[in-house]
Amino acid sequence: MAAVLFCMMAMTAIMPSAVGADGDSFWVERHPPGAPSTDIVYNEWQAPSDGEVYLEIHNAGMASVTIGMVDDASNTLLSQTIRFQGDGSAVIPSTSVSVTGGTMYTFSAIPGGPPGCGGTLLVCFEPTSAPSTVTYRIYDMFEEPWGPWWDYRVDSSTWDTERILPTSSGDVTYLYSLLHNPSGDLSDQGLIYAPYRYSVDAVNLGTMNVHDPVLMPTVGSAVAGAAVSMDVYFQYLYMDGGDWTNVWIPEYGTAGEFATVSGISSDPSTWVDDVETTHLAYNDGYMTGTLIEVTMNREAAEEWLGMPQTADPLSWWASEGDDYLLDWEAWILTQGNDVFDIWCGYEWPYETLGTVVKLGMDGDDVVLNIGHVSWGYEALITRWMVHADVSMHQPYMEDFAMTVDYRESDVDLAYDGVAQWSLHCVKQYDAPNEPDAPCAWAWEPIALDYVTKVNHPSDYEPYVDLEYTSWNCGDVGYGTKVGYEYTPVEMDLAVGRMLVIEFPTDAVVGYSAEQVPADSILKVWNGDLTEYTSRQYYGPMSLGYMNLNGNGYTLSGNVLTIEGPADFAYPHPDNMDCLYHGAPWIEFNVDL
């Protein structure tokens, strides 16, 4: 008598209902003539999920065995005779059969050989890998408010490149000046942008897993059975309200449960005050506050933290927490400044401004909370998403929330945030080049990099000497060739990936497409917005020109959907290895 076994490779513990003397055996034996027992044996088995199944025959003296398999409608799926060629202890697999999860199947086996010979048949099941899907969604155009951190940027002598353009409809738009100190002549270059929300929902993504998490370090070898759930939230910080007042001070403003880095504060009770005094008082509008919560089973805590599964977590943390935090900060600095060098997408190195960590328990799970104030986290997480083939679109993001469920072979990952600097106002593609031409809001995918620097890699490098014709509303160089203020990127869609864009159904603001006087941008910086507000008009939005490289799409009401596979292209005529604009390029007309 031998149990009906599942091959270990199947990694499943679902027990079938077996037909036999005791319900636990799938032993086949050749009986002598006249014996009361029949030679044929049946075994019922239910597939736990879609996959492939086969029988592994462990011979015990048989010359051959004939095996069969039928489904619950009595359709024959397998009929095979395996001959052992005199090898009385051979282990031979049958042909595999595709099965459907939840369906009952019946195996049969008839031994051949001398009386008393037999064998054990193991049911080996391997689940079909679930398909990977990624959905990119663009929505809430014009709806995201201008956060207080933008005021810090206006006050900065280095990053003062935007001004809000008020609208009577409440639509949020802003003027971007390539020069933070406009000169008032044709050397100025400007674009009118609008914010939107960008979300990514990835299921069964195989480019990350619990042993290669990308977003966090591991400190030990892979541990079988590790599983992690992780939440990340970041926002630009400002004092007197927002996350700093409502989250950071309540969460990290008390002593007794934190490990902190030296250099900010050695006393957890003063950490918040020290960060505020040392850094936030000199905020340039780009300081990010990142809140990370990592929930690990004990196997994952061993792999990610180095915590032995036999250790008492809180006692272990009391002795090891400070060292872990120092190691974590060293890791993220290496990630931001070496492995995924952010400089050319940020114009500054990755810099930690304070990190605080606490450890707790949720049942048997270990929960790690990290509060991290930095320059550059928003750029680094964008680099990580490109590295893991999650998103080639790389906008600067605000109000960013991410969840990741890590498994041993893949992850489910979703994030959502406000996206900036990639939805801009242009002349409608087929509109005449004449005053008061109607506009469109053009969306295109962009790369993070927008400058170059010696000894730092940059996707912008090939675009330094390239130009494009500006049909950007509000630009003093409108209708002429201008340099690239950004790096276009090609956002191809593989099978299972989909781009969904939801555009507004009510009237939105537009800006007449025409050249503005040379001193227009300087006037805005001096407080006079009339060159722009006088060109505002309002109208319904409709789908306009698209460069999809021949790929199809569907339009249902105000929802545009493009499904993969889709290979986009928008080659630059002066350098076919570069893009003229981001691909796909999609315009949404503001109708007069």
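A pocket, as the word is used here, is an open set of grid points with protein on both sides within 12 Å along at least five of seven lines, and its lining residues are those that have an atom within 4 Å of a point. In this predicted model, the largest pocket is lined by 28 residues, and W159, Y176, Y286, E347 and Y450 are the ones that lie nearest its centre. The space in this largest pocket comes to about 670 Å³, and its lining, when sorted by class, has 18 nonpolar residues together with five polar and five charged ones.

Most residues other than glycine have a negative phi, and most peptide bonds are trans. E347 is not a glycine, and yet its phi is positive, at about 60 degrees. The residue is found in the loop between α5 (313-339) and β18 (351-362), where it is partly exposed, with a relative accessible area of 29%. Q85 likewise has a positive phi, of about 50 degrees, although it is not a glycine. The loop that holds Q85 runs between β5 (76-83) and β6 (91-93), and Q85 counts as exposed there, at 71% relative accessibility.

The second largest pocket holds about 230 Å³ of space. Its lining is made of 16 residues, of which Y429, W471, H581, W585 and E587 lie nearest the centre, and the classes divide into eight nonpolar, six polar and two charged residues. Three strands, β22 (423-427), β24 (467-469) and β34 (585-590), each supply at least two residues of this lining, and the largest share, three residues, comes from β22.

A cis peptide bond, with an omega of about 10 degrees, joins A583 and P584, and P584 belongs to the loop between β33 (575-579) and β34. Another cis peptide bond, also with an omega of about 10 degrees, joins G564 and P565, where P565 is part of the loop between β31 (559-563) and β32 (571-572).

Rolling a probe the size of a water molecule over the atoms shows where empty space is left. In this structure the count comes to three cavities of 30 Å³ or more, and the largest cavity has a volume of about 70 Å³. Among the residues that line the largest cavity are Y198, I381, M385, H393, F400 and Y415. Both α6 (377-387) and β20 (396-406) supply at least two residues of this lining, with α6 giving the most, four residues. By class, the lining of the largest cavity divides into eight nonpolar and four polar residues, with no charged ones.

Because W149 lies in helix α1 (residues 149-155) and Y238 in the loop between β15 (228-236) and α2 (242-252), the pair ties together parts that are 89 residues apart in sequence. W149 counts as buried, at 6% relative accessibility, and Y238 is buried as well, with a relative accessible area of 18%.

R137 lies over the face of Y139, at 3.7 Å from the ring centre, while the charged end of R153 sits over the ring of Y236, 4.6 Å from its centre.

The cysteines complete the picture. A disulfide is a covalent bond between the sulfur atoms of two cysteines. How many disulfides does a search of the whole structure find? The search finds zero. C425 is in no disulfide, and the nearest cysteine sulfur, that of C439, is 3.5 Å away, whereas a disulfide would need the two sulfur atoms to be within 2.5 Å. C425 counts as buried, at 1% relative accessibility, and C117 is buried too, with a relative accessible area of 3%.

Terms used:
Residues numbered from 1 in each chain as written. Predicted model: local features only at pLDDT ≥ 70, side-chain atom pairs only at ≥ 80, totals over all residues. Heavy atoms only, no water. 1 Å grid on protein atoms, 1.4 Å probe; cavity = no way out; pocket = protein on both sides within 12 Å on 5 of 7 lines; lining within 4 Å. Points joined across faces, edges and corners; volume = space filled by probe spheres on them. Nonpolar A, V, L, I, M, F, W, Y, C, P; charged D, E, K, R; others polar. Buried < 20%, exposed > 50% of the residue type's maximum accessible area, 1.4 Å probe, protein only. Lys NZ or Arg CZ within 6 Å of the ring centre and 35° of its normal.
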